[in-house]
Amino acid sequence: MKNSKDRRVDNKITIMEPDKKIALVAHDNKKTDLVEWAKFNKTLLAHHKIYATGTTGAILEKELGFQVNKLQSGPLGGDQQIGAKIADSEIDFLIFFWDPLEPQPHDPDVKALLRLAVVWNIPIACNRASADFIISSPLMDSNYERLVPDYDIYRKRVLGTKE
């Protein structure tokens with residue numbers, strides 16, 4: 001950054017390997033949609049490492065027949081756990097079928113999760129159509145050079161002090 005008003009951030013490249021780390025999350029009214037989508041794409045998902053929050057993870061593991069790394073339920077911190085994994089480069093992309101018509105008690109966590117996905121430049125699918133485009137991309141099963149913002153300058157900035 002040149003000065004405090006310059007918000008330019010340089011990028012570095014991180015490699016997303018052919019076996020991706022995918023987070024699957026769904027609000028209650030969208031769980032059926034996500035499970036149907038995942039069952040339809042079971043063969044495509046099988047060799048990837050899947051993470052999911054609470055109930056969604058248990059349902060997916062039962063329906064898909066392979067291991068799903070289950071975290072807490074969204075309202076109990078699962079959304080924040082997924083967000084932390086995104087920040088630590090442990091999630092390559094997020095498929096989050098959220099319900100835009102139903103208020104959620106953990107809306108701030110949902111907003112924070114989506115914000116982190118954007119901050120760290122990972123693909124996000126919030127509905128079946130965008131999830132279909134991502135899963136069918138030729139980039140899914142190959143190395144992909146993802147540009148990741150380099151926040152070192154931001155981390156090392158000197159904050160002014162008031163006397």
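Does T53 count as buried or exposed, and at what relative accessibility? T53 counts as buried, because its relative accessibility is 4% (buried means under 20% relative accessible area with a 1.4 Å probe and protein chains only, exposed over 50%, partly exposed in between). This is a predicted model, in which local features need pLDDT of at least 70 and side-chain atom pairs count only at pLDDT 80 or more, while totals for chains, interfaces and linings use all residues. Residues are numbered from 1 along each chain, and side-chain values use heavy atoms, without hydrogens and water.

Let's stay with T53 for a moment. T53 sits in strand β3 (strands are DSSP runs of E, at least two residues, and helices runs of H or I, at least four, numbered from the N terminus). Setting aside residues up to four places away in sequence, T53 touches L24, V25, L71, Q72, G74, G78, D79 and I82, where contact means heavy atoms within 4.5 Å.

Now to the largest nonpolar core, which has 22 residues (a set of buried Ala, Val, Leu, Ile, Met, Phe, Trp, Tyr and Cys residues joined through side-chain atoms within 4.5 Å). I22, L24, L34, W37, L45, L60 and I95 touch the most other members. Helix α1 gives the largest share, four residues. Beyond its neighbours within four places in sequence, L45 is in contact with I22, W37, A38, I50, F66 and I135. A second, separate core of 16 residues includes A23, I91, F96 and V148.

Finally, look at α1 and α3. Their contact is made by K31, L34, V35, A38 and K39 of α1 together with T55, T56, I59, L60, E63 and L64 of α3.
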